[in-house]
Amino acid sequence: MLRRALILVGHSNAAPILPRQGTTGTALVIVMTIMSFLACLAVWATISIAGATHTWTSSISNTITVEIKPPETGDVDPQNVKTALEILEQTKGVASAHALDAKDTAALIEPWLGSVGLDAALPFPVLIDVKLTARHDIDVPALTAALAKAVPGTVVDDHTRWTNRLLAVSRSLTLISLTVLGLVLLAATAIIVFATRAGLMAHGGIVEILHLSGAQSDFIAGEFARHFLRLGVRAGAMGLAAALATLLLVYFATFSADEAEAISLVPRLALSPLSLFSLLLVPAGAALISTLTARLTVERTLEQMP
Amino acid sequence: MLSFENVGLRYDIGPEILRDISFALEPGTFHFLTGRSGAGKTSLLRLMFLGLKPTRGSIRLFGHDVATLPPRDWPSLRRRMGVVFQDFRLIDHLTAFENVALPLRIAGQASGDYEDDVRELLTWVGLGDRIDATPDSLSGGEKQRVAIARAVVAKPDLLLADEPTGNVDAEIGRRLLYLFAELNRLGTSVVIATHDRSLVELIDAPELRLEMGHLVRLEPPSGRLNQAARTAFNSVES
């Protein structure tokens, strides 16, 4: 198994038959580094979007909000609040129900109205924060009907409209980032094919000598695979380093801003252990793509030689 | 070992440069391949080492009909041959040692198994002090000796050499020819393409001369022909 793997990458203790310099130029290393950098960002974006969506939706998916609207004049009748709480507590699937008081309500609208507090003259609805044992345990339409019958003017918001929109946006962004990742992989593969063919032409004399000396296609392809393995690892590592530097820069730049709490959500997720591990797969992927593409390209080209 | 039957060769739509070539080489024979410059000696050698496909005719190599042999089996036949190219074809970034060891490396041998043999061979061809030199620092004659050492290092069944002494002085030329003769004595069939008459006269061996695209066989002046070669050639001609 190990021997087969070593043959696959053209392992040998002897000096490489292809020269280290000149088989592929510096330009190819730069292009592959950029490809790896873009692949890292695409991987990071995919994981970050998935993580952020999960965080946002999980925080609201197991809650519903009941709003008891005030009558045209005056405040909400406390008895109605009590009745609604009693119904909620008896409903299957409800873990707890808590009516927000004036202080909690004032805190909710503070970002928009400032810290002036609630105007006692203004009619405000009463909000009841309901925590569920599990989303699938509760029958929302039945609960809505029961509350509307007992307390007219009650609205039940199970947040599905918000979560559905969020998931739709998340799916779109994930699709875009995966498309970018796919295109980067495709471009990297095409570049390696082109570079391998250029390498075959540049070293046609060496290939011919090997060919006429009885080297199997596997041997010659292994020499090219070994060269491109080194290139892939080097470019992948440099691309990863550049991507990590960029992400760290973004992370600290946004975290130190005044509104860090609001806008640091995604960068904070981006540096999770899963993200870092996934990014480490990019250099491995670059090396694998480079090696296999070079090997297949050489073998196909050699098939056409006499 | 190697036989040609009515082989013809043309490049693209050009005229046929080799016509109705028929001959056979048996194991242990020694032949010179002669002809004026441009007569087709190199093309005929390329057909022999499977570097070209004939336009017509049949080639049998080591008991296999080349036309029907799958290309994946060609490398194993090529590994039984050693080839000295007219332009040496050394790999520029490899040392003399690494160039000579190339066929053994291709055959899958570990460097520890062939290191002594390669050093001894390089010393024998007078390059004992140039083992670690790369081709760009070698003279034409030294490159030629490296190319010859590479061709013989794996002790091939068939050695094909294209003007192998063209860039060396007379003394080294004779020494290399005796190396080929020694290989031949040990069982390797040898074909040396040359236009150097003085080289042909050093060994009593049949001469395959290319004239106007046809192959003509000439006996050595002394008539002391290698019996195996005579038998093989006669069997094809008859």
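Author: Happy to! Let's begin with handedness: a crossing is right-handed if the near helix is turned clockwise from the far one by less than a right angle, and left-handed if anticlockwise. Keep in mind that this is a predicted model. By that rule, H3(A) passes H5(A) in a right-handed crossing.

Reader: Which residues of H3(A) and H5(A) make the contact?

Author: H3(A) brings A:Thr83, A:Ala84 and A:Ile87, while H5(A) brings A:Ala146, A:Leu147 and A:Ala150.

Reader: At what angle do the axes of H3(B) and H4(B) cross?

Author: They cross at roughly 120°, and the axes come within 10 Å; H4 of chain B is residues 111-124. H3(B) and H4(B) are therefore oblique to each other. H3(B) also passes H4(B) in a right-handed crossing. On the H3(B) side the contact uses B:Ala96, B:Phe97, B:Val100, B:Ala101 and B:Leu104, and on the H4(B) side B:Tyr114, B:Val118, B:Leu121 and B:Leu122. The residues of that contact divide into nine nonpolar, no polar and no charged.

Reader: How should I read burial along a helix?

Author: An α-helix has 3.6 residues a turn, so residues three or four places apart point the same way.

Reader: How many residues does H6(A) have, and how far does the helix reach?

Author: H6(A) has 43 residues and reaches 61 Å from its first C-alpha to its last, close to the 63 Å expected at 1.5 Å a residue.

Reader: Is B:Asn99 buried or exposed?

Author: The cut-off for buried is 20 or more other C-beta atoms within 10 Å. B:Asn99 has 27 within that distance, so B:Asn99 is buried. This residue sits in helix H3 of chain B, residues 96-106. Beyond its neighbours within four places in sequence, B:Asn99 is in contact with B:Leu90, B:Ile91, B:Leu94, B:Val146 and B:Arg150. B:Asn99 and B:Ala149 are 50 residues apart in sequence, with their C-alpha atoms 9.0 Å apart in space.

Reader: What about a residue in a strand?

Author: Look at B:Ala193, in strand E8 (residues 189-193) of chain B. B:Ala193 counts as buried because 25 C-beta neighbours lie inside 10 Å. Setting aside residues up to four places away in sequence, B:Ala193 touches several others, including B:Leu33, B:Lys41 and B:Asp162. B:Gly35 is 158 residues from B:Ala193 along the chain, yet their C-alpha atoms are separated by 8.5 Å.

Reader: Last one: how do I read the interface?

Author: The size of an interface is often given as the accessible area lost when the parts come together. Here we can count residues: 20 of chain B are in contact with 16 of chain A. On the side of chain B that touches chain A, helices H2 (74-78) and H3 each supply at least two residues. H3(B) gives the most to that side, with five residues. The residues of that side of chain B comprise 10 nonpolar, four polar and six charged.

Conventions. Residues numbered from 1 in each chain as written. Chains lettered and ligands numbered in written order. Predicted model: local features only at pLDDT ≥ 70, side-chain atom pairs only at ≥ 80, totals over all residues. Helix = DSSP H or I, 4+ residues; strand = E, 2+ residues; numbered from the N terminus. Contact = placed C-beta atoms within 7 Å. Expected span 1.5 Å × (residues − 1). Buried ≥ 20, exposed ≤ 12 C-beta atoms within 10 Å, placed from the backbone. Nonpolar A, V, L, I, M, F, W, Y, C, P; charged D, E, K, R; others polar. Axes fitted to C-alpha atoms, helices over the stretch in contact; angles between N-to-C directions. Parallel < 35°, antiparallel > 145°, perpendicular 65-115°, else oblique.
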